[in-house]
Amino acid sequence: MCGIFGIFGAQNAEKYAFYGIYALQHRGQESVGIAVSDFENIKLVKKAGLVLSAIKGEDLEGMSGSIAIAHVRYATAGRSGDFNAQPILKKTLIGEVAVAHNGNLTNFKSLKQELLQIGESFEYDSDTELFLSLIGKGKDAPEGITLHPEDREILPYIFYTLNKVNGAYSALFLLKDKLIAVRDPLGFRPLLMGRLKNAVLFASESCAFDILGADLWREVKPGELIVVDKKGIRSYIFSQSKKRAMCIFEFVYFSKPESFIFNDWVYQIRKKMGERLALEEEIEADVVVPVPDSGVVPAIGFSQKSGIPLELGLIRNHYVGRSFIEPTQELRDIKVLMKLNSNPSVLKDKRVIVIDDSLVRGTTSKKIVSMLRRAGAKEVHMRIASPPVIGPCYYGIDTPTKEELIATRFSVEEIAKFIGADSLRYLSLEGLRSCVEDYRNFCDACFSGVYPIEVEPEVERIR
């Protein structure tokens, strides 16, 4: 649940990184960091909070350069706040290296224990530090790869690191004169490549390119490593895997609707989810009301397919962030009341179908149903544009423990009663899978319980 951004070959790269990571603010709201190189030294600033409020103009003074990486974080491994803020910068055998990482490593506990036993020390407690701690501990050269002369001194150490870690990672490594982008062999997290004049860009979502007027080039392939330096751009496939496990929850909720990820447009997939939800059950109602913002696009699809008009029965205060990624339930509850207000002019005496992207703990939905009833809704029918969440995520999305997931403890009818709705229906797993090009290329473990990579018991316990 993080956003990463990188740029090579732009004057004042730190400014581009600032705006690029601002466009990815929705992916993490706990901390922000920017690392920049002038081809001689790497300088770093990272703070707790939102991009616009945390990073001031004076923070970027004296750290101008042509290469930069940036990160917005929401904690899924390690302490929150600015303690584990990224990028993380360390001296290694190949010089100073900064790394920004989106995802979770599923074997980080055993790897960390191995490194501690040989005397390695750790400054942070997030799994991301492992990338830097492993550099210099060994070399590797994947079979069939011929390295460019510029890469022979550095990449064997990076390849060794990547072959030691398991799990989900889209990551950017900043060296004093290079930018390296990598994506795990199963492709859990998105990573896009863009162009802006002579500069090369990387980002978790294509929306980060839009704010800069850059062009989307292509996706970084699963198992691919890309080096960008003054000599050009070089691509290596460090791990061949026929299996794919792209996170389907990116389409359900996490990515912005205008983004292009996983070879598709988020908007189109979300709209299909709403259309399919409407096809799976006929219901009589007066209005379709989306829960803003993530419920808007599936509500459009539901409305158009069902013929029931869409109305803005809930109005969002856009000065409030996303409640899902608040770290405690109490803060999430407060955030819901701050960010949404009902619109009685379209709700009074109406039979309402309210569309949300997902239902995880049920507490947010309960407050929304109550809000609609107070505004005069005659009936409230909750429709969820994804299946019941039955398992936690170990690959970088902060879904709760199994015990906290309401769908693991109650039936659909019991959940409907808990949230106060007249009825509740979810999109079927088959329906969700039908909305993507080939569901076998996606990880839907949070909905199906089928996990594509084994998770260490210690990591599972921590989760």
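Predicted model: local features only at pLDDT ≥ 70, side-chain atom pairs only at ≥ 80, totals over all residues.
Which residues are buried in helix H10, residues 296-306? In helix H10, the buried residues are Val 297, Pro 298, Ala 299, Gly 301, Phe 302 and Ser 303. When we ask what lies over them, the cover includes helix H9, which runs over 266-279, together with strand S17 at 287-290 and strand S20 at 351-356. If you follow the chain out of H10, you come to Gly 307, which has a positive phi near 85 degrees. As background for anyone new to helices, an α-helix has 3.6 residues a turn, so residues three or four places apart point the same way.

Let me now step back to the whole chain, which contains 17 helices and 23 strands. The C-alpha trace, taken along its principal axes, spans about 70 × 45 × 35 Å. Of the 463 residues, 60% are buried, and if we take the contacts between residues at least 6 apart in sequence, 70% of them join residues at least 24 apart.

Is Gln 25 buried or exposed? Its relative accessible area is 12%, and because buried means under 20%, Gln 25 counts as buried. The side chain of Gln 25 reaches the backbone nitrogen of Val 51, at a distance of 2.7 Å. Leaving aside residues up to four places away in sequence, Gln 25 touches Leu 50 and Val 72 as well as Val 51.

How many cavities of 30 Å³ or more does a search of the whole structure find? The search finds four, and the largest cavity holds about 100 Å³ of space. There are 14 residues lining this largest cavity, and the closest to its centre are Cys 247, Cys 393, Tyr 395, Cys 443 and Cys 446. Sorted by class, the lining has 13 nonpolar residues and one charged residue, with no polar residues.

Notes: Residues numbered from 1 in each chain as written. Heavy atoms only, no water. 1 Å grid on protein atoms, 1.4 Å probe; cavity = no way out; pocket = protein on both sides within 12 Å on 5 of 7 lines; lining within 4 Å. Points joined across faces, edges and corners; volume = space filled by probe spheres on them. Nonpolar A, V, L, I, M, F, W, Y, C, P; charged D, E, K, R; others polar. Buried < 20%, exposed > 50% of the residue type's maximum accessible area, 1.4 Å probe, protein only. Polar contact = N/O pair within 3.5 Å; in protein donor to acceptor, adjacent residues only side chain to side chain. Contact = heavy atoms within 4.5 Å. Helix = DSSP H or I, 4+ residues; strand = E, 2+ residues; numbered from the N terminus.
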